[in-house]
Amino acid sequence: MAYKMDKTLSKGAFDFIDAPGIAKLLSQKKEDKFLYREIFAKSLEKNPLTLDETASLLAIRSEEGRQELFQAARDLKRIIYGNRIVLFAPLYIGNLCINDCAYCGFKKSSKTTVRKTLTTDEIVSEVKALEDEGQKRLILVFGESPLYSPDFIANCVRTVYSVRSGNGSIRRVNINAAPLDVAGYKTIKAEGIGTYQIFQETYHRESYAKYHPANTVKGDFMWRLDGLDRAFEAGIDDLGIGALIGLYDWRFEVMGLVSHAIHLKDKFGVGPHTISFPRIQPANGLELDLPYRCSDEDFKQLVATLRLAVPYTGMIMTARENPQVRNEVIHFGVSQIDAGTHLEIGGYNEKKQGQSLEREQFQVGDTRGLDEAARWLMEEGFIPSFCTSCYRSGRTGEHFMEFAIPGFIKKFCTPNALLTLAEYLEDYASEKTREEGRILIGKEMEQIEEGPWKEKIKERLKKIAEGERDLRL
Ligand code: SAM
Ligand code: SF4
């Protein structure tokens, strides 16, 4: 039965995007070497930046300034986050959609889109295929349709968690779906989801109106902007924000994202868990004139600036980006990526090469499989991690913990990354990846101080080699 949405906004809801203020800051700021160095230092001390300071970083135009910015972002990433990159995969459940977002392959007016919603059996078989690749973390993605009610989404989550194939299991399910009402979020939270992600697409109202027709549900800017506030009211404290880069000036969107992060922190005491910054990709029937496309060079500045502006927030770079871009940008503070991604609905079972755009939302830029991506990360000096430990131990607000508890990353995050990598190597990796992975684990273990804690990690690694699974700290 179709779900009837209660359109009440959250308590005290207001439009926290000060567009004239943002525009003024962006036009007034000039590049200033002494100032931006002070701001880097503030950020490296783990202090979130103000909008004013963020605008000063966005004013950097010289090559020298950009290089310094990139280095500051690299330093922040290494010093504060360590060298883990968390891996996940998106699972598209259905592409029915009542909206008509001009950039999306699922939009209602697209006649050539092949519409499909996975049945429960099909979800099971997709999840088995994902588990057989070694995936542990999924994000379920939905179009917006009355059929995709909170009960329907909750059922999907339950199904995903119930699937077991060999040693495989999905240990964390995140959601990317339309904004809901408070009751709807509660229904989904009850299934034990991780992050609820909603991208504002653009924080610039006029551009928002241009790409999202007023007579559609998504045409309501404020309903969407308030979407995560209602989620928090419903008890979901793990929130993901994002902007679709290319609909308006990328500098404005960075200021919008930072405004959103500041708003959530001010109102609820918890900032967003993750920030996403997808760039528009070719999609079925997409013939858009996009004057605000963000170049690869600007994209690097965007990511590095965000890293410094919100040091407490995880950053997600998706497989929309091609391997060359991923290779560079991963060093600027990204903490999560998807890999082995298939966007066709039902695509994980088909395992076919190439894409059929009429069956998916947009074109993927990085089509490498999970094994290859894991190897790539190791070659770049990262630990591929499948860790879900904090979330499953009830340690919510995990990013906060990472920073707030001295030594938390060293004590918990790095060893847990190694344990989950060891499991992956045993069960799913190719010979080559396994070999590289074992060398990496050996090197990382050498860095860990001798003592009872290290013995504990060693013992768990031994047990994993002997066939035990899901050992964490
Ligand atoms: N339908 C829900 C919604 O719109 O919020 C769920 C998410 S939608 C399936 C996932 C995200 O994909 C959108 O929020 C949008 O930012 C992004 N997206 C849509 N079309 C895209 C394109 N052509 N290229 C890159 N990303 C796109
Ligand atoms: Fe529908 Fe989401 Fe695509 Fe918009 S972005 S057309 S709401 S699936």
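# How the terms apply to this model

Author: Around ligand 2 stand Cys97, Asn99, Cys101, Cys104, Phe106, Lys107, Gly143, Glu144 and Lys218; a residue is listed if its C-beta atom, placed from the backbone, lies within 6 Å of the molecule. This is a predicted model, in which local features need pLDDT of at least 70, side-chain atom pairs count only at pLDDT 80 or more, and totals for chains, interfaces and linings use all residues. Residues are numbered from 1 along each chain as its sequence is written, while chains are lettered from A and ligands numbered from 1 in the order in which they are written.

Reader: Thanks! How do the residues of the shell around ligand 2 divide?

Author: Into four nonpolar, two polar and three charged. Nonpolar covers Ala, Val, Leu, Ile, Met, Phe, Trp, Tyr, Cys and Pro, charged covers Asp, Glu, Lys and Arg, and the others, Gly among them, are polar.

Reader: And what surrounds ligand 1?

Author: A shell of 21 residues, with Cys104, Phe199, Leu244, Ala283 and Phe362 the closest. Strands S2 (137-142) and S6 (196-201) are the elements that give two or more residues to this shell. S6 provides the largest share, three residues. By class, the shell around ligand 1 has 14 nonpolar, four polar and three charged residues.

Reader: Where do the domains lie?

Author: Domain 1 is 19-76, domain 2 is 84-394 + 396-401 and domain 3 is 406-465, with bounds from an automatic or database domain assignment. The centres of domain 1 and domain 3, over C-alpha atoms, are 37 Å apart.

Reader: Why is Ile175 called buried?

Author: Ile175 has 28, so it is buried. This residue sits in strand S5 (172-176). Leaving out residues up to four places away in sequence, Ile175 touches Ile139, Leu140, Ile153, Ile188, Ile193, Tyr196 and Gln197; contact requires C-beta atoms within 7 Å.

Reader: How do Glu201 and Asp470 come out, buried or partly exposed?

Author: Glu201 counts 25 C-beta neighbours inside 10 Å and is therefore buried. Asp470 has 15, so it is partly exposed. Glu201 belongs to strand S6, and its phi is near 70 degrees, a positive value in a residue other than glycine. Asp470, in the segment after helix H20 (452-465), has a positive phi of about 60 degrees although it is not a glycine.

Reader: What makes strand S1 mostly covered, and which strands pair with S1?

Author: Ten of the eleven residues of S1 (84-94) are buried. Pairing requires at least two DSSP bridges. S1 pairs in the parallel sense with S11 (383-385) over three bridges, with S10 (336-338) over three bridges, and with S2 over five bridges. Ile85 stands opposite Pro384 in S11, Leu87 has Ile337 in S10 as its bridge partner, and Leu91 has Leu140 in S2.

Reader: How do you know that both faces of strand S9 are covered?

Author: In a regular strand, side chains alternate between the two faces of the sheet. In S9 (314-317), Gly314 and Ile316 lie on one side, Met315 and Met317 on the other, and all are buried. S8 (274-276) pairs with S9 in the parallel sense over three bridges, and Thr274 stands opposite Gly314.

Reader: Which residues of helix H15 are buried, and what covers them?

Author: Leu370, Ala373, Ala374, Arg375 and Leu377 are the buried residues of H15 (370-379). The cover includes S1, helix H5 (120-133), S11, helix H18 (408-427) and helix H19 (431-447). Just after H15, Gly381 takes a positive phi of about 90 degrees.

Terms used:
Helix = DSSP H or I, 4+ residues; strand = E, 2+ residues; numbered from the N terminus. Buried ≥ 20, exposed ≤ 12 C-beta atoms within 10 Å, placed from the backbone. Contact = placed C-beta atoms within 7 Å.
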